[in-house]
Amino acid sequence: MAALTKDKGLATLLQVVEQFQDLGDFGNYKHVFESGVGFEGFTCAAGATPTLGEVGEQTFSPTFVYTTYFSAALDDAVVEQFVRQIVDIHPWELPVIELTGPVSVAAGAQVEDCEGAVAS
């Protein structure tokens with residue numbers, strides 16, 4: 001973690017994420033996230049203004065993948081505010097942000113469904 005916080009971009013990401021108390025909230029566990037380092041490839045089309053690479057050429061870039069979780073019952077405005085802050089700090093012209101629907105694999109734990117009812 002110390003190495004991540006020394007990188008200005010990643011440190012800024014972690015600061016933004018910490019502002020949103022609902023992210024990664026699993027009851028007794030808070031700020032739950034996963035991350036991975038890898039690479040990605042892309043080719044910029046005409047009209048793009050890439051931060052890395054050139055229009056028409058294939059580019060490979062190191063990447064940092066950050067995954068966190070939030071309740072499906074969370075107000076859409078909170079999710080939108082979080083996504084907007086990530087877009088604002090992201091260095092790319094078009095950041096890749098993926099949101100998926102709720103999935104629960106917690107065995108033996110009680111979880112709330114979208115209507116707030118408790119299921120086990």
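Among contacts in the protein between residues at least 6 apart in sequence, 51% join residues that are at least 24 apart. This is a predicted model, and the protein in it has 3 helices and 4 strands. Followed along the sequence, these elements come in the pattern α-α-β-β-α-β-β.

**Surface and interior**

- The accessible surface of the protein comes to about 9,000 Å², and 55% of that surface belongs to carbon and sulfur atoms.
- Of the 120 residues in the protein, 16% are buried.

**Helices α2 and α3**

- Helix α2 covers residues 8–19 and helix α3 covers residues 76–89, and the two pack at an angle of about 165° with their axes 10 Å apart.
- Because an angle over 145 degrees counts as roughly antiparallel, α2 is described as roughly antiparallel to α3.
- The crossing that α2 and α3 make is right-handed.
- On the side of α2, the contact is made by Thr12, Leu13, Val16, Val17 and Gln19, while α3 contributes Phe82, Gln85, Ile86 and Ile89.
- Sorted by class, the residues in this contact of α2 with α3 are 6 nonpolar and 3 polar, with no charged residues.

**Glutamine 81, in helix α3**

- Glutamine 81 also lies in helix α3, and its relative accessibility of 46% means that it counts as partly exposed.
- Although glutamine 81 and phenylalanine 20 are 61 residues apart in sequence, their C-alpha atoms are 9.5 Å apart in space.

**Histidine 31, in the loop between α2 and β1**

- Histidine 31 belongs to the loop that runs between α2 and β1, a strand that spans residues 33–43.
- The phi angle of histidine 31 is positive, at about 55°, although this residue is not a glycine.
- With a relative accessibility of 33%, histidine 31 counts as partly exposed.

**Tryptophan 92, in the loop between α3 and β3**

- Tryptophan 92 is found in the loop between α3 and β3, where β3 is the strand of residues 111–112.
- Tryptophan 92 counts as partly exposed, because its relative accessibility is 26% and the cut-off for buried is under 20%.
- When residues up to four places away in sequence are not counted, tryptophan 92 touches Glu40, Thr51 and Ser61.

**Cysteine 44, in the loop between β1 and β2**

- Cysteine 44 has its place in the loop between β1 and β2, the latter being the strand of residues 58–68.
- Cysteine 44 is buried, since its relative accessible area is 10% and buried means under 20%.
- Leaving aside residues up to four places away in sequence, cysteine 44 touches Pro50, Leu52, Glu54, Val55, Gly56 and Glu57.

Key
Residues are numbered from 1 along each chain as its sequence is written. This is a predicted model: local features need pLDDT of at least 70, side-chain atom pairs count only at pLDDT 80 or more; totals for chains, interfaces and linings use all residues. Side-chain values use heavy atoms; hydrogens and water are left out. Axes are lines fitted to C-alpha atoms, for helices over the stretch in contact, and angles run from 0 to 180 degrees between N-to-C directions. Angles under 35 degrees count as roughly parallel, over 145 as roughly antiparallel, 65 to 115 as roughly perpendicular and the rest as oblique. A crossing is left-handed if the near helix is turned anticlockwise from the far one by less than a right angle, and right-handed if clockwise. Contact means heavy atoms within 4.5 Å. Ala, Val, Leu, Ile, Met, Phe, Trp, Tyr, Cys and Pro count as nonpolar, Asp, Glu, Lys and Arg as charged, and the others, Gly among them, as polar. Buried means under 20% relative accessible area, exposed over 50%, partly exposed in between (1.4 Å probe, protein chains only). Accessible areas come from the Shrake-Rupley method with a 1.4 Å probe; for residues, only the protein chains shown count as cover.
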